[in-house]
Amino acid sequence: MAIALEILSPEKLLLARDVDMVVIPGTEGDIGVLPGHAKLVTSLRGGLVDIYENGKVAERFYVSGGFAEVTESRVAVLADEIIRQAEIDSAKAAAALTAAKDAFAAVSLDDAEAYRDASDALIAAQALVDSVAPHAVDKI
Amino acid sequence: MPSLKTLRNRINSVKSTQKITSAMKMVAAAKLRRAQAQAEAARPYACRMGEMLAALAASEFGNPNASPLLVGRPNAKTHLLVAVTADRGLAGAFNANIAKAVRTQAAALEAQGKIVKIFALGRKGNDALKRDLADKISGTRNFVGKKVISFQDAEDVAKELIRGFKAGEYDAVSLVFNRFQNVMTQKPTEQALIPAAAPTANDNATEHNYEVEPDDGTLLERLLPRNLAVQLYSALLDNAAGFYASQMTAMDSATRNAGEMIKKLTLNYNRARQANITKELIEIISGAEAV
């Protein structure tokens with residue numbers, strides 16, 4: 001049994017193939033999706049999308065946020081920005097985190113929307129830095 | 001009758017014009033291929049986004065607190081038309097068609113007693129519309145000097161539009177752009193951006209059966225601005241592809257016309273040349289007879 005995974009950015013379709021399982025970083029927590037999952041729509045936080053094949057992580061992508069749609073036979077990850085985990089530039093990631101921290105410190109608490117955006121950006125930047133050396137969860 | 005020299009000069013100048021138009025045609029064809037590929041690549045995301053939005057929007061039917069981005073404002077008074085045009089000309093009626101569509105639409109809205117504002121996206125549209133509708137243009141943006149439109153560009157414009165909507169500068173937004181049908185046809189199309197899609201009672205009958213995280217309202221609040229940017233992006237890509245297609249067609253016919261012009265001028269030139277020779281011969285013969 002396999003589930004059809006699509007990873008899309010607004011600019012292109014990055015990946016479309018059948019995988020065994022995929023773990024997506026939902027705003028409410030990570031979601032592991034196996035074939036036959038209940039229909040679900042969720043927003044994403046910044047984090048790693050792990051693609052499992054034959055019991056191991058076959059590929060990892062960093063997403064900065066976005067949405068995911070899950071049906072029994074399909075997962076569509078609509079990401080804002082996608083980077084293959086192996087291609088993350090740690091220096092750039094650190095710079096992005098500093099920038100996000102500064103922006104978060106500067107944002108006013110009264111503007112709920114700006115606050116939300118800044119905190120999302122901070123979470124995404126932190127996740128980007130963490131993604132450079134992710135936990136070794138791939139050995140099941 | 002023009003002299004031989006002026007005819008020769010004209011032929012040469014038409015020939016160099018023809019060289020330029022045929023080179024432009026070639027360049028436009030190459031750029032068209034790239035623009036089409038970009039538009040093609042962006043389609044899957046827009047498609048999925050549309051499906052997701054439609055499913056979620058259905059659940060908002062009858063909700064008095066539904067996001068105004070989705071259902072619009074009651075008694076919408078001010079209407080913003082976003083005119084999407086190219087930044088450059090020499091593409092036949094491509095930009096003029098949009099300007100015309102905007103004028104017609106603006107007149108129709110005013111006839112309904114609405115206030116019309118215009119956001120000119122693209123330099124040529126701004127140039128064309130500010131001649132007679134300058135007082136209505138509330139903003140403009142162009143991408144002069146940019147080789148390809150990135151999603152970031154569309155998102156910036158979307159943010160600007162949403163900011164204006166939230167500030168109450170306008171109550172509804174629609175997009176006027178050239179939909180790329182094929183290389184020969186680009187159809188001026190109007191598409192509503194805000195309200196995105198007012199759900200109807202009919203949708204409600206087939207209420208979606210998705211689980212939603214965090215919840216419908218929060219998700220829609222994130223999804224709607226995103227959807228707006230995606231729609232703008234795909235309109236901009238259609239605009240780019242349509243522009244190059246239109247420029248290619250225009251330059252093709254210009255090249256053909258130049259060819260016809262050269263043929264006609266060459267004929268005239270040869271006639272004049274022969275007439276000159278005949279005249280000279282007559283002069284020589286009559287000179288010889290006189291002796």
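**Reading a two-chain contact**

Guide: Let's start where the chains meet: 20 residues from chain B and 19 residues from chain A make up the contact. Keep in mind that this is a predicted model.

Visitor: Which elements give two or more residues to chain B's side of that contact?

Guide: They are α1 (4-58), β6 (211-213) and α7 (216-290) of chain B. The largest share comes from α1(B), with 8 residues.

Visitor: How do the residues on chain B's side divide into nonpolar, polar and charged?

Guide: You'll find 15 nonpolar, 1 polar and 4 charged.

Visitor: And β6(B), in what sense does it pair with a strand of chain A?

Guide: It's parallel: β6(B) pairs with β5 (residues 40-44) of chain A over 3 bridges. To spot this on screen, look for Leu40(A), which stands opposite Glu211(B).

Visitor: Now chain A itself. How many helices and strands are there?

Guide: Chain A has 2 helices and 10 strands. Walk along from the N terminus and the order is β-β-β-β-β-β-β-β-β-β-α-α.

Visitor: Why is chain A called as compact as a globular protein of its length?

Guide: Because its radius of gyration, 16 Å, is close to the 14 Å that the globule rule gives for 140 residues. The C-alpha trace of chain A spans about 50 × 30 × 30 Å along its principal axes, and 34% of its residues are buried.

Visitor: What scores does the predictor give the complex?

Guide: An ipTM of 0.81 and a pTM of 0.86. For chain B, the mean pLDDT is 89, with 95% of the residues at 70 or more.

Note on methods: Residues are numbered from 1 along each chain as its sequence is written. Chains are lettered from A and ligands numbered from 1 in the order in which they are written. This is a predicted model: local features need pLDDT of at least 70, side-chain atom pairs count only at pLDDT 80 or more; totals for chains, interfaces and linings use all residues. pLDDT is the predictor's confidence in each residue, from 0 to 100. Two residues are in contact if their C-beta atoms, placed from the backbone, lie within 7 Å. Helices (H or I, at least four residues) and strands (E, at least two) are DSSP runs, numbered from the N terminus. Ala, Val, Leu, Ile, Met, Phe, Trp, Tyr, Cys and Pro count as nonpolar, Asp, Glu, Lys and Arg as charged, and the others, Gly among them, as polar. Two strands pair if DSSP finds at least two bridges between them. The radius of gyration is taken over C-alpha atoms; the globule rule is 2.2 Å times the number of residues to the power 0.38. A residue is buried if 20 or more other C-beta atoms lie within 10 Å of its own, exposed if 12 or fewer, and partly exposed in between; C-beta atoms are placed from the backbone.
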